[in-house]
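Please look over the sequence and the model shown here.

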Amino acid sequence: MEMRAVIILLFGIVMRLLPVPILVKAFPTNKDYVYRNFQIKQLSYSSSMFTSTCTFNTYNCKQRQFNLQAKKQQHHHDLDLATTELSGISYGGMFESNRGMLSRPYVSYILYQMDSSSLSNFLSTLDDENNKKDPLWEQIKLEALHTLDLEPSAGPQLYTFILSQISLLHALTSIVSHEIETELIPATSLQNLFHEMLHPIEDTMAISLDLMKSAMRSSSEVDSAALLATLFHQGLHALVCHRLAHRLWLADRTSLAYYIQSTVSRKYSTDIHPAAKFGVGIYLNAGSAGVVIGETAVIDHDVTILQGVTLGGTGKERGDRHPKVARGVILQNSCSVLGNIQIGEGAIITAKSIVTKSVPAFARVSGVPGKVKSFIENSSSSSLSSAEKEDDEESVRASGLYGRQVFEDVEELSDFEVGMVQKYLRHWKVNETILD
């Protein structure tokens, strides 16, 4: 009994010493139980609301995924339509009606907008025997002044890269050098390298014709087409760099040639081996899809190379293992031409085709593997036999004259265009009698 009394006494002392809130929590009343049950029910309701919200959000996510999938399908459908148009199935553009883009000289639309006296003064400056000027470069400067009137904020760029330069070659090499400069080779050293290696006549003419092809390829009437190509066309800039790398390769400066190739590949997504041979009047569409051209590839004049094109080997050959592309060929988007095969004059390789066998002249090839689907009518070449064509080409090569293979459809040109042809060829020091 005494022990029991002591325990009860100690319990009473402890109960007096503890604060009331602790006692309430330790020994809750009926009201506390009711309040706690209310809180549990409230929490259960909130949980159910959260579950409903998640279910609704899941539905919205599925709906958005469905809409996104529908948009992707529509986008792929549009891409398929675009590819079908490019593939030549329903292709009736000017590239088929006028196969040779360089059959006409570049004439800026600004010249057509001039009055007769201004045009006469401009043409007379081109004919000055004491101060012969490049017709293409003079037109580009006209376009730069025209652009400057419309957009004065473009003044620093136009003055730096166009109006302050002494020639088209200086302008393009200045633009390209600032684009591909590195810590190892600054822009000034690259410019000096360009002028040291490039031939003042042959490479100047080749680059001019490349620029013409880039400017004339668009069917829209742009007043400053040549200016825009000079400043912004990455494919043209890549070709200028390749012509430098090719000159370095021919001079046995292979390490520097590979360095230029590597730098250009990172900048313009065009991996062109320095040993690859290019004609004049090349249109190269550099883009994120990239262009790959192998070491022993040969590309003739007036060839169009769109983005994603591969001119490579099959992996089964050694030595001469890359394609030979004849004049006037069009290589459309993402097509692959593999092996040491011949692509005949004027042929079209349609988008995403893979060609591993030689293609006859003026054939349209498509599919995987590529097969001849049709032939393109060629009226301009039908008047000459194959022997006459070969004799003609050999005579031009033997004489070292350029231009005959460029502006050959002279009878279809206007008098004004014929005059511009004469001015171009005279500036490039080409014998004018080869046009006869």
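What follows is a short walk through this structure.

This is a predicted model, in which local features need pLDDT of at least 70, side-chain atom pairs count only at pLDDT 80 or more, and totals for chains, interfaces and linings use all residues. Residues are numbered from 1 along each chain as its sequence is written, and side-chain values use heavy atoms, with hydrogens and water left out.

The protein chain holds 16 helices and 15 strands; these are DSSP runs numbered from the N terminus, with helices being H or I of at least four residues and strands E of at least two. Of its 436 residues, 41% are buried, a term for under 20% relative accessible area with a 1.4 Å probe, protein chains only. The accessible surface (Shrake-Rupley method, 1.4 Å probe) is about 24200 Å², and carbon and sulfur atoms account for 56% of that. Taking contacts (heavy atoms within 4.5 Å) between residues at least 6 apart in sequence, 53% join residues at least 24 apart.

Helix α9 covers residues 168–180. Its 13 residues span 18 Å from first C-alpha to last, close to the expected 18 Å, where the expectation is 1.5 Å times one less than the number of residues. In α9, 10 of the 13 residues are buried, including Leu-168, Leu-172, Ile-175 and Ile-180.

An open sheet of 6 strands runs in the order β3-β6-β9-β12-β14-β15, with mixed pairing. At its edges, β3 (283–284) and β15 (371–375) each pair on one side only; pairing requires at least two DSSP bridges between two strands. Strands β6 (residues 304–305) and β9 (residues 330–331) run parallel and are joined by 2 bridges. Here Thr-304 stands opposite Ile-330 of β9.

Conventions. Buried means under 20% relative accessible area, exposed over 50%, partly exposed in between (1.4 Å probe, protein chains only).
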